[in-house]
Amino acid sequence: MSIIVTSSPHIRDHNTTDKVMLHVILALLPASITAVFFFGIGALNIIVSSMAFAVIIEYAINKIKKEKTTIYDGSAALTGLILALCLPPSIPIWIVFIGNLIAIGIAKHTFGGLGHNIFNPAAVGRAFLFVAYPVAMTTWILPSAWFSSTAITSATVLAKEAPYSATIYQLFMGSVPGSLGETSAFALLLGAGWLFYKKILDWKIPVSFFGTIIVIALITQCNPFFHLFAGGAMLGGLFMLTDYVTSPVTKHGRILFGIGAGILTMSLRLFSTLPEGMNFSILLMNIMVPLLDNMGVIIHLKLYNKRYGVKKQ
Amino acid sequence: MKYNKLFTENLLTEQAPEADILYIPACQHIGAPAKIIVKKDDLVKVGELIAEANGHFSSNIHSSVSGKVLDVKPHIHTNGSKVMTIVIENDKKYQTISAKPIKDYKSLSKEELIAKIKEFGIVGLGGATFPTHVKLDINKPIQEVIINGAECEPYLTADHRLMVEDTKMFYTGLEIIQYILNPEKTYIGVEDNKQECIKALKTYGINFNNVSVCSLPTKYPQGAEKVLVKNITGKYVHKLPVDVGTVVLNVGTVTQIGKSFTTGLPLIDRIVTVSGELLDKKYNFRVKIGTPFNSLLPSMSGLETKDYKIIAGGPMMGTAQYDLSVPVLKGTSGILVINNNSKEEGTCIRCGRCVDNCPVGLLPIAAAKKGLQAMDCMECGLCSHNCPANVNLVQRIRQQKNKIRKIACECKK
């Protein structure tokens, strides 16, 4: 039809934003399957309806703001999925809806949608629910309650004076009480391995985050594996801290980001009344991203100038 | 990245179809445009000087055919602007000037050899078209000479064919380069997807001292000067390789030096890859400089219903053309007809892929937004290529560069 003229390059990678989001959703599939396996068909209900709510809310906001429909990039579905995975199995569906309303409506779209949000939407949604519905958000059930209508309430392994203890193997496989997707470290690592292979996940944040947790656990004489596999550390470290939009762009910024999140998580776990510090450490680190990026640029310039022998003007 | 070299890498170089009218611009190199010394209705021969170098940082331009000068007027250049161009009508007789081959180059001094190279109008044939005599005119000892045969741009196979078919001429040129620069070591860098070339170069180079053929991983932009020097010698180059005692020359340039010294004829033709998924027939053509694109793209069928791009050079760094009367220049390594892959620019999702993949270790997103270190960018295009949101990073960095240049200009005033 016609000759097109643009600036170079004239060929583009096939890895577009929607494909990246799709791969992350795929990577969370093992964790979703284990959730259904351990917590029954109710888990599937929560996951599917959360994703549907997220997409519907995104679409409605697009219509209200009279902008282009952005549901096809997959970011809304992903937020819904991650939010579902960090909710307890016995959560009522209407609370899931409110969580998504906060996540997509407040955390994402008041800042301008994908690419502009300061906070991880799923983390904001969960934090809101945690504060607004503390009882529903801390009612845990024992796993393997296959299709049983009566949930056996329990506490997580991270609770202070926990009545429930679990072996490291149980924690690794996921047969412990906890949020839907966060119990099985194995399933999450499997998904993260896929993302590594696809070069979507960068090693810097998970490695620095888990490294910091291990170091602090060793200093305070806790079992480091316990702190890695219990609670939301795996889900948070592999899928929430590494959220592109709310983590630093610079290499050194990302390492500092992981270290900071590790320190915050461990301090909240060990020295606060909260049983779990992952959620709030993600949000606190999200605020610091611009600062960390500035520091990252300064470190980058110093190293670059040294390496290339650039003299200051 | 899809390299798509199979289209043409096994096709022998053939003579390009003759063009009736040739357009030879006075500016085909980095530096000052050459001074045109012919006028309308002059008769010229093959190899005759038609525009002479304007100062040291410039290059001579010769006629590639014999015939009548039809006009001297502004004509479209591959960079998209209009520049003064000598239009020559090809009489197809190819009367050649009396060439004086240089049989014994060792009887000449280095300065004389460099002057000869300037006379032949030789510039860097890899695409950057830096005048070769300027590159060779150095007053400091050189540790390494690196010959760039990486040809990392997808589709292009011009250097590939040259290394296989013209190996002897290449080594003739290399001897001259070694004589001028007297380096401690000479490396020839070739990407490992061109085993045929590595084999040919190794077989021929067996009699040469201090020459080693390096097989480099196939990873764009392996052939970028800074990347090549880093990967072969481990040295980091900030501005020019000569700062760290290294000279990088393209295989095409070296072969052209060998050829010009043996035949006595200046740079009047080059190998051009004519390729792309939208072309039925693909070629490696030996093209006379100044041949317009339309005479090299005979059959463009099935394009009536499609959006497509015509590119001078490779798909990563080449420029899209809008007028097919644009001529092949000294730096045109390929003509590609490919699908239009441009998409609407999305929002940056801060994935950091541009930062992780930048071959010279910049922060492309910061360079595009704030111009941070923008002048160090070599515009290889990898960041734009990898961007999942299709942000036109390179285009933005170019805009930042222009801004910085403008400010620098105003400061000087």
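The radius of gyration is taken over C-alpha atoms, and the globule rule is 2.2 Å times the number of residues to the power 0.38. Chain B has 413 residues, for which a compact globule would have a radius of gyration near 22 Å; the 21 Å of chain B therefore agrees. The structure is a predicted model, in which local features need pLDDT of at least 70, side-chain atom pairs count only at pLDDT 80 or more, and totals for chains, interfaces and linings use all residues. Residues are numbered from 1 along each chain as its sequence is written, and chains are lettered from A in the order in which they are written.

Along the principal axes, the C-alpha atoms of chain B fill a box of roughly 65 × 55 × 55 Å. Buried residues (under 20% relative accessible area, 1.4 Å probe, protein chains only) make up 56% of the 413 residues in this chain.

The second largest pocket holds about 1,200 Å³ of space. A pocket is an open set of points on a 1 Å grid over the protein atoms alone, where a 1.4 Å probe fits, with protein on both sides within 12 Å along at least five of seven lines; lining residues have an atom within 4 Å of a point. Of its 50 lining residues, Lys198(A), Lys199(A), Ile200(A), Tyr244(A) and Arg353(B) are the closest to the centre. Helices are DSSP runs (H or I, at least four residues), numbered from the N terminus; α1(A) gives the most to this lining, with five residues. Domain 1 (105-263) and domain 2 (353-412) of chain B each contribute at least three residues, the domain bounds coming from an automatic or database domain assignment.

Definitions and conventions. Heavy atoms only, no water. Points joined across faces, edges and corners; volume = space filled by probe spheres on them. Helix = DSSP H or I, 4+ residues; strand = E, 2+ residues; numbered from the N terminus. Buried < 20%, exposed > 50% of the residue type's maximum accessible area, 1.4 Å probe, protein only.
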